[in-house]
Every structure is written in structure tokens, then in C-alpha cells.
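Please look through the sequence and the structure shown here before reading on.

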Amino acid sequence: MKIHHLTVDEALHSLRSGPDGLAESEVRRRLAEFGPNRVEQLRRESLVLRFLKGFAHFFALILWVAAGLAFIAEFSEPGKGMGMLGFAILGVILVNGLFSFWQEYRAEKAIAALERLLPHQVKVLREGKVRAISAQDVVPGDVILLEEGGDVPADCRLIEAFGVRVNNATVTGESLPQARDVNPCAEEELIRSKNILLAGTSLVSGEARALVFATAMHTEFGKIAHLTQTTGEMLSPLQKEIIRLSRLVALLASGLGVVFFFIGQALGLSFWENFIFAIGIIVANVPEGLLPTVTLALAMGSQRMAKRNVLIRHLPAVETLGSATVICTDKTGTLTQNRMTVKRLFLSGQFYDNAAMERLSDLKETHRPFFEGALLCHNLKETGKAGGEEWLGDPMEVALVQMAKQVMPEAPSVPRLDEIPFDAGRKRMSTLHRGSDGLMLYTKGALEMVLPLCQQVQIGGTVQFLTAEIKSQFLQAQEAMAEQGLRVLSFAHRPVAEGYDKDHLEQNLILAGLVGLEDPPRPEVPAAIQKCKEAGIKVIMVTGDHPHTAQAIAREIGLVQSNSPVIITGDHLRRLSNTQLQLALDAPEIIFARVAADQKMRIVSALKRKNEIVAVTGDGVNDAPALKKADIGIAMGIAGTDVAREAADMVLMDDNFASIVAAIEEGRAVFDNIRKFLTYILTSNIPELIPYLAFVLFKIPLPLTIIQILAVDLGTDMLPALGLGTEKPDPRIMQRPPHPRGERLLSGALMLRAYLFLGGMEAVAAMAAFFYVLYGAGWQYGQMLPHDDPLYLQATTACLSAIIVMQVVNVFLCRSDRDSVLSRGFFNNKLILWGIAAEIALILLIDYTSWGNQVFGTAPISIDVWLFVVPFALGMLVLEELRKWGVRKFFGNKP
């Protein structure tokens, strides 16, 4: 038999323990056998390995190869700038790797500051003596002492319990405190047994002695942590797309390099000329600035999210959240405020809801015993704090006291004389007080347990006989409040004569009324839910709470609007096959209630099989496996456990669902912004590539050197590209559905626009400027110029400068692929303006300083060259505006 099925004596015997605990010698033996009582840390890669992985991904490998080829060329033919090229590429790899590592390391430090661990100290009974020991030294068979507010260090079987209620939210997801007692339980599931206390939970009221039967990784807490460890790491959609893009770029660049190497050989170029030419082709086609720009854009997105109370642990999570199609959210503390409040009263046959709560003082005299019961019948302890946090104990009792204080600010002086504590079997508690009129008993509890004890009822200011009709009214009122998802309690009272018999106190009671309590929704959540619906994101509530409670909150926040949403309980879910579950998830409105940890992960797996991009929220240990399995795991920063936060990709610092929606908006903006600067960066690849093709095919001097290409890719383009990466979300961004899982970052439309349309115009401008300088100085076609000829240096400078001028215009064009540049404005993104200023300053330094001339192989050019390029820039602006106008006219002005 399982331990929760056994009696107290049988349980003690099964663990070879006794009421006085274990002997010290036996403790030492068991500690050696079972090990310390601690949950193993989640497996982490070492800092060194994580640092090195930033330099070994596919795109970095392409750059390593390019740098290696550059050093080989420098070694074979020194003095042609290939060594400088190699060092520049190494700089790109280093900066990007360092930045990615630093962002994750800083997030890990922020997580460490939030961690809450299992209790450090625990009182244990050994050899009949109470001792305070480290929680790590607890062993199976120990008898531990627990009291209100204490944390449970291991899985225990109660052997003595006085008014025990436990908060199981971190393990089972149940938001309300659960009563516990010592009686054997027929429940099959250990975690829901009424005589079991679980590691990682806490007592909200009462005192207990408990027998430890599982420690460390053998506890339910530890099993869930292990489940989290065994869930493998998943690549984010952005990581997969970057890998795909890297392979595509590598194939394109290498292929063109090889093809034109053989073309050069066929045209009679020397091997080293061909080799340098092939490297030039590769360098021109590899957007060296892409990876650092993506990394910085994600980092900036994470910083914007931090301002909206979202801490990003892994950079790719920024964009993944923007791709989310489904959010599986917990209820307690995320959709709700994680505090109990009185929602409804039933007094004298009438309901009083929120709107009438302010008028409760009018009922003070006619229903005084009801409010006195709420004020006095509890086990709370005063903490001395102000602002509504003056009580320590059951949140439900705190809410009742606050309601009573609202009606009776001056609490009556009625000392407590006696108490009949709450337990799971009685489902009620009573306290006896001495007032000015003598002794008064106040009772509260479940109506089905209090009603049979009542003979009379309070109606207005009078006490009447409790008829069958009035009983029926109370039962109907209870049912109505339960249907609203409220926790319903009844209150009763009676005067008591001196010399009372405690065994017969709870009889001939006067029924006073009912109160319905709820954990109210956060006020900003309904708007956030509506925003999700407009954005095409499905929100599914997955909770450990009762189905009635879950449905009531879902309806209140607008998550459920139909009359018959699909509600699947944990028991029902166990009976569903994977196919049935996937089909059930097609329901437009679906709620999962009373679900366990492994079931949450099963729901996530089913959604992923449906090709959904799944975001999951959670705060408890029970949520960690699902957080790990999801495309994006979102842990709670305030109420979350350390296990949940370590499994997550991001942490909500305010535990608020609305912050998730704000972060999704930022995530979508990041995806759009990556596409914007991808268009911008790739556009310049064409005017970098065409000069090399012209050099081989038309026997002209090379219009652009490799080091000048890097001046564009890693110099002038970087800051404007970063400016595009910081663009604010489009106001309509949450009015469109998420982009499909299969949608490519580098789409066909983007490539056509960047390479053929914008890139083609830039290439024409660059080559025109090159020939403008050559022909203006009397150059003849077929004449090859030495690489240090002043005319050649001026011509390549003109080509480089023309690309920069075109890119200055292009950065404004890339802010939208369909909206006019005039609608976006020119001065509302300061980083773009600073980027353009830096771009202009850098090209002037390259063109007109001896240092720039020496490093980049340039020479000063006259003002007429700049003026020659301006019409090309204006032409690109006009043609792109015409294209955008055509897109809007043909496809409409969609978000």
C-alpha cells in the first residue's frame, strides 16, 4: 500500500521510525544511503563552453574560412591589404561572440538575484528532542515540526495536524489553500492526498508533525525538476532561419567564387589574381555585418522589453515571442491578481455584489453578527505592516477581515476564549469570544457542513425559524455563486451560556449569510486578451484550479465568450489519445483545468505537432517541463520558483499577462526590423558584386577593392542598419496574424527587392560614378591601371562614395516595404539620423584624410563627383515610391 493509504502507526512502521523520530546513528546511515536533501541543479554548460559556442556556429564558420583565405593570400602576395581584411573579419567574429555571451551572462545574473530556494532550516524531532537542522540533512523517516508560514522541505505524511491548510500552488497549480489532516486517504494520486505535504509548498495556517518519506530528487518537486532536465534544448524559429540563411549565403558566395575563379582562369588571369578575385566575390556576397546587426537588434529588443517588465534570458527568444501563435497561460497570478477578495454576499435573501459593496455600512446594524464573524473567526496573525498587508495567513481569511473592517472600522473588543479548529473532515471552524453581552460563538465553513447545525436564520434585524424554503434559498444562492467560480463560505453564530460544554458548542446555530470570494482578474488583462484575438493569437488557460473557477475567470476577462467552451479536466485528458487531443485543440475556446505537470507538457507537445509556435507561462515547479518544451517559456519573476525560471527563456518581472502581449508586440517589431536591415544590408551586396563581374567579363580596372567592401559592410552600413533594428512597432502590427512558421526571413520578395530592384539601381550609380571619373580624366577602354595610380584610386573612391550616397537614401526606403517614406517621417528615429551622420563622417574620413587614403586605397574626389551621384539617389527614391504606390493600390493598405 502507498503511504497515504496507511494509518499513522502503519506509516511510521513502514519507514522504521517512531513518534520520537530517528536515532542519530540511523540518521547518519540514511544520509549516507539517500544523500543530502537537495534538488540537483539543472545541467548547464560551462561558461567556457557557452563562450566558445558563440564562435563556432555556421555563420561564424563561414567568416573563419574567409579570414583564413585572406591570410593565405596575404602570405602569398603581401601588400595587397588581404591581411587587414583577415583581421577585420576576425574582429567581426569576436565582437559578435562577446556580445551574445555577455547578454546571456547578464540575464543569468539577474535570474540568480531572483532565486528562492527550499527552506534552509527545519525543526526535526530526533531521539525525542527538537533540533534545528539544515534542510539538506533531512532524511526519510525523520519527524519534522511545521507551523504557519513555514516551508515544507521534503515530501511528508502528516502524523499530527491542527487546523492545517497548505498552499500547493508551486507544485499542483491549485490557487486556493488546501485542508490537510492525518486520516488515511483513498485518493490514488499522492499529490492530491489530504494527508500529504509536498516539498516546495508552505503552510498557510495550523501546526503539524509530519513523517518524511521522500527527499531530494525522489520528491515530487525533484521528479519535476528531473523531467525539466531531460527535456532537450530546442532551436528557436529565428535560430533555424539564421542557419538556413547562413547556408544559403555560403552556397551562393562559394558557388559564385568558384565559378568566376574558373572564368578568370579561362580568360588568362594568373592564379593569385584569380584567387584574390574569388575571395572578393565571396566577401562581396557574405553580409559580414548581418550577424552583429541581428545580435544587436535582438539585444536592443530585449532592452525595450526590460522596460516593459520582461527579462530576456536567451536573445533569440525576443523574435520567437513575436512569432507565437498560441499562448498557454496559467491563471493564478498571471491573469489574476493572486489575492482573494470578496465578490458577492447573500444576506436576508438578497445578493450584494461589487457595485453594492460601498453601501455595506448600511447593513452594519441589521447584520452585525455576520460581519463580526468575518472579523473574528480566523487564525490570522498581525504583522504590524500597513497598507493591507497587516495579516499573515490564509489569503481568504485576510479578504474577509478586510471586508469586515470596511464595515466596522472600529473593531469590537471581544477577546477569544476558545476555538474549534478547521479540519478537512469538518470543513468548518468556530471561535468563542466574550463580548459586552456575554459569550458569542462564531462559525464559518462550507454551507453543507454548517446548514445542518442551524435552527434559525438572521433576516434583517430579526432572528427567524429556518424553514425548508429558506434552506432552499441558501442552497440555490450557493449554487449560483459556485457557477460564477466563487469560493463560497457560510457564517453562523449563537450566544453561549457560561459553563458551556465544548463538545456541544456547534449546535442550534443562527445562519447569518453567505460570502463569495474570488482571485480577481488583473484590470489590464481583458484588453490584452482582446489584443491577442486581433493579432490572431490563441490564448489557452491551463490551470490546476477547479473548472468552475477557471471558466468564470475566462469569461470575465473575455477569453471565453460562447455559451459552451470546451473544458478538459486532467482526468479527461488522461483518457484522450494524442490524436483526440490534437483534434480537441481545434476548438476556438478551450480551457484545461485540474491538470498535472506532465499533462501541461503533453498539451504543449500536441500544439507543436499542429505546427503552432507555443508560448507557455508558469510559476511553479510543475510548470518547468512545459516551459522547457515550449518554443518560448515564460516564468514569473515574483511568484516563480527557481526551477521554473531556469527552465524559461524569459521572465515576467511583474507576473502580468499584459506584459506578455507588450513583449509580443516588441517581438513582432524585431522580426520586421530584421527584415528591414536585411534588405538594407543585402542591397549593397549588388554594387559590391557587379564591379568584380565587370572586372572579369569586360577587362576593366577593378572598380571596388575588397577592403572598400568591408568599409561598407562593417563600417558605413552598421549604424544605419542598427537604426532600422530599433524602429518602433507599426501601430497596426497587432492587427495582423503571426507570420507562418514556414515563412522565410529571407523571402523571395525581399531578395527581388534588395538584389534586383534597389541593388540594381545602386550598382548602376556606383559603376556610373567609376566611369565618370575615368572618362573625365581621359581613360580609354581596355587600359589597365596600376593599383596605386592616382586616377585609379579616385575612380574606386567615386564608386565607394556613390554606394554610400545611395545607402543614405536607401535607409529611409527600407523603413517600410509598402508605406511611403513621407508617411514614416524623416526625423523620428534618432539612431538612424546618428547612423547617417556617422556614415557621412566615415566616408569623408576615408576620402579626405591621409589615414583613410592609406588604409582603404582611396584618394580625394572633387565636388562634381558627389553632384553627379545625387540624381541617381533621387531617381531611386522616386522609383521605389512608385513601386510602393503600386503595391498599396494592388494589394490594399493592409497592416
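At the start of helix H28, a side-chain oxygen of Asp789 comes within 2.8 Å of the backbone nitrogen of Leu791, a polar contact in the sense of a pair of N or O atoms within 3.5 Å, where within protein one must be able to donate a hydrogen and the other to accept it, and where residues adjacent in sequence count only if both atoms are side-chain atoms. The model is predicted, with local features requiring pLDDT of at least 70 and side-chain atom pairs counting only at pLDDT 80 or more, while totals for chains, interfaces and linings use all residues. Residues are numbered from 1 along each chain as its sequence is written, and side-chain values use heavy atoms, with hydrogens and water left out.

Helix H28 covers residues 790-813 and spans 35 Å from its first C-alpha to its last, close to the 34 Å expected at 1.5 Å a residue, the expected span being 1.5 Å times one less than the number of residues. Of the 24 residues in H28, 22 are buried, where buried means under 20% relative accessible area, exposed over 50%, and partly exposed in between (1.4 Å probe, protein chains only).

The protein chain as a whole has 32 helices and 26 strands, which are DSSP runs numbered from the N terminus (helices H or I, at least four residues; strands E, at least two). Buried residues account for 57% of its 895 residues. Among contacts (heavy atoms within 4.5 Å) between residues at least 6 apart in sequence, 73% join residues at least 24 apart.

| Residue | Phi | Relative accessible area |
|---|---|---|
| Ala216 | near 50° | 8% |
| Lys699 | near 55° | 45% |

Ala216 is found in the loop between strand S7 (202-214) and helix H7, and Ala216 is buried. Glu220 belongs to helix H7, residues 220-229, and is buried as well, with a relative accessible area of 19%. Leaving aside neighbours within four places in sequence, Glu220 is in contact with Asp155, Leu190, Ile191 and Leu198.

Lys699 lies in the loop between H24 and H25 and is partly exposed. Phe698 is found in the loop between helix H24 (685-697) and helix H25 (706-716), and counts as partly exposed at 47% relative accessibility.
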